[in-house]
Amino acid sequence: MAMAKMGSSFYDTGLLMVVKNYYNHPNLSAVALTDEVQQIAISNFYIINNLLFGLCPLPSAYILARLGDKKHRKITICVPLIGYLMSRLLLLLVILLDWLTEVMFGSAALNGLTGGFTTYWAGIMALGSLNSSESKRSVRLLIIELTYGLAGFAGSLASGHIFIYFKRETSSGYGAGLLNSCLLLMHCIQHFCWKRTH
């Protein structure tokens, strides 16, 4: 869970850098965009991206929750993690192949259709509840939330350093090092989750 959150922090930073670089690209228009126009374009991108990310999980979250109740609890955790992994891979392709940033709208939709954060977090909390006694359940859930928050904080701090390091050391696309680190973490946590979730 902590590794997944750190990977998400790397992804968020990488996406921001890619979007900012895209709207700051000199070939985007004949006239360089002003800071205000760039800010509006970036804001519009994130509004659409967050709408897709928030609305797409609505039908799939219910279906995955039902499957998790009937079959196995790991469905509600591992399926969203597969979606996370695929969407992160898509951002890496956007960087390396110089695709349009709007391709990431498809990534947000894909992430949502595989359950997104809604299903993933519900699965984590349900699993935490099931694996703890009634007297220690609230403490267990608090520890899960605290761990998740600390992992996000550490990931946000580390992502800036990783981005600067890879930007200096390699000539690969903008943010590719961050996305490679993110994909490595996401692959590890998905494999671990599939093996260890009961």
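Trainee: What does the chain look like over residues 109–130?

Mentor: Over that stretch, 109–130, the chain is 91% helix and 0% strand, with end C-alpha atoms 30 Å apart. Helices here are DSSP runs of H or I, at least four residues, and strands are runs of E, at least two, both numbered from the N terminus. Keep in mind that this is a predicted model, where local features need pLDDT of at least 70 and side-chain atom pairs need 80 or more, while totals for chains, interfaces and linings use all residues. Residues are numbered from 1 along each chain as its sequence is written, and side-chain values use heavy atoms, leaving out hydrogens and water.

Trainee: Where does UniProt put the "transmembrane region" feature?

Mentor: The unreviewed UniProt entry places it at residues 45–65, 77–97, 109–130 and 142–166. Positions follow the numbering used here, feature names are shortened, and annotations may be inferred rather than shown by experiment.

Trainee: And how much helix is in 77–97?

Mentor: That span is 100% helix and 0% strand. Its end C-alpha atoms lie 30 Å apart.

Trainee: Ser87 next. Buried or exposed?

Mentor: Ser87 is buried, at 1% relative accessible area. Buried means under 20%, exposed over 50%, partly exposed in between, with a 1.4 Å probe and protein chains only. Ser87 sits in helix 4, residues 75–97.

Trainee: What does Ser87 touch?

Mentor: Leaving aside residues up to four places away in sequence, Ser87 touches Tyr11, Met104, Ser107, Leu110 and Asn111. Contact means heavy atoms within 4.5 Å.

Trainee: Which side chain makes a polar contact with that of Ser87?

Mentor: Arg88, at 3.0 Å. A polar contact is a pair of N or O atoms within 3.5 Å; within protein, one must be able to donate a hydrogen and the other to accept it, and residues adjacent in sequence count only if both atoms are side-chain atoms.

Trainee: Which ring faces does Arg88 lie over?

Mentor: Arg88 lies over Tyr11, 3.8 Å from the ring centre, and over Tyr84, at 4.8 Å. The rule wants NZ of Lys or CZ of Arg within 6 Å of the ring centre and within 35 degrees of the ring normal.

Trainee: Switching to rings. Why is the Phe117 and Trp121 pair called stacked?

Mentor: Their centres are 5.8 Å apart and the planes are at 15°, so the pair is stacked. Rings of Phe, Tyr and Trp (its six-membered ring) pair with centres within 6.5 Å; planes under 30 degrees apart are stacked, over 60 edge-to-face, the rest tilted.

Trainee: How are Phe117 and Trp121 placed in helix 6?

Mentor: They are 4 residues apart in helix 6 (residues 116–130), so about one helical turn separates them. Phe117 is partly exposed at 33%; Trp121 is buried at 19%.
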